Amino acid sequence: MADIILKQDGSFDATYVPNTFIDKYMTHADGEFVKIYLYLLRCMSCPKQPLTISDIADKFDNTERDVKRALKYWEKANLLKLEYKDGSLCGICLKAVADAPASAPRAQVHSFVNVERTAPTKATVPLSQTEPSVSKEQLAQFSEDETVQELMFVAERYLGHQLSCEESRAILYWLDNLGFSQDLIDYLLEYCVAKNRPSIKYMNKIALEWSKQGIQTLTEAKEAIFRNSELVHAIMRAYGICGRTLTDVETESVREWVRMGFSNELIVAACQKTMASVHKASFGYTNKILQGWKAQNVRTINDIRLLDAQFKEANQKKFTAAKQARAPKAGAANAFHNFTQRTYDYDKLEQELLTR
């Protein structure tokens, strides 16, 4: 395969990104974290422009918790320093990028692990195991690890109680046996609690499924959750899709509808209207419906009903007007009366017939 030569056509309004970051740090970091760091570098060109956690979250369609998680990751990597005032974040100081250690924070192997941790495969992960096992010796080693202590603290905050032995063993199993990062476990806890499913058995079921799919990053986990979300399943039911999952292009269409600001209810309603109109699953047709609704500021089901009523009324007026245009006007001659009357001499006609 031929080499690719990179060229630059003219000058650009560019953002400086240190090569060391690209070569050393970026390769180990989650994609969402990389986006946040690059955006901070971009914002340095406009330092007087106000910046908030909410602004960054809106920029990337993330939650504020996602942004804070990314900032803490880069702080641990010693690429920035977070400044607080009265418990609130008030400043972010980007540090000079030094040569990264042999492994970045996300890829660090904990001191209690004797062998190099690698991504689990179907052959090495006991997917049928519902009660993860961690030895007493491992528990003793885990208790001295700073990362584990922080992870347990975060888990207790999510669950709202002191961790039981079963919960502790499960979390440590995800960390050590499944090879999940601290950030991925944090997200797993957050996701399950947000779904009102704080059971450790349910969490372990999700963790094992992620491991089976080879999920090891936040980006991969979020993609898996979105593809299995209630919205996607509702859309598939509305379209009558079964026996397959949505394609990447179809999934991106759904993401775009969400980015438009529509609720799940309205998106499903648009899919139902599509089926009623074209009688097939057409993401393009649904997209046109939603674009029309956005232009008309439709935000509720009642807005749709009002719009439909107005559309029906307008059509009825057009039909009535067209019907009236075709009808003959009062006093006007029509096809049966608009001709010249002829006069005949019937006696003369009769005489002519008799003499033939």
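At what angle do helix α4 (residues 64-76) and helix α8 (residues 182-194) pack, and how far apart are their axes? The two helices pack at an angle of about 160°, and their axes lie 11 Å apart; α4 is therefore roughly antiparallel to α8. Axes here are lines fitted to C-alpha atoms, for helices over the stretch in contact, and angles run from 0 to 180 degrees between N-to-C directions. Angles under 35 degrees count as roughly parallel, over 145 as roughly antiparallel, 65 to 115 as roughly perpendicular and the rest as oblique. The contact (heavy atoms within 4.5 Å) involves Arg65, Arg69, Tyr73 and Lys76 of α4, together with Gln182, Asp183, Asp186, Tyr187 and Glu190 of α8. By class, 2 nonpolar, 1 polar and 6 charged residues form the contact of α4 with α8. Ala, Val, Leu, Ile, Met, Phe, Trp, Tyr, Cys and Pro count as nonpolar, Asp, Glu, Lys and Arg as charged, and the others, Gly among them, as polar.

The model is predicted: local features need pLDDT of at least 70 and side-chain atom pairs count only at pLDDT 80 or more, whereas totals for chains, interfaces and linings use all residues. Residues are numbered from 1 along each chain as its sequence is written, and side-chain values use heavy atoms, with hydrogens and water left out.

The protein chain contains 16 helices and 2 strands, taken as DSSP runs numbered from the N terminus (helices: H or I, at least four residues; strands: E, at least two). Of its 356 residues, 35% are buried, where buried means under 20% relative accessible area, exposed over 50%, and partly exposed in between (1.4 Å probe, protein chains only). Among contacts in the protein chain with a separation of 6 or more, 63% join residues 24 or more positions apart.

By class, the contact of α13 with α14 comprises 9 nonpolar, 3 polar and 1 charged residues.

Ala207 lies in helix α9 (residues 200-212) and counts as buried because its relative accessibility is 0%. Apart from residues up to four places away in sequence, Ala207 touches Trp174, Leu178, Phe180 and Leu188. Ala207 and Leu178 are separated by 29 residues in sequence and by 8.3 Å in space, C-alpha to C-alpha.
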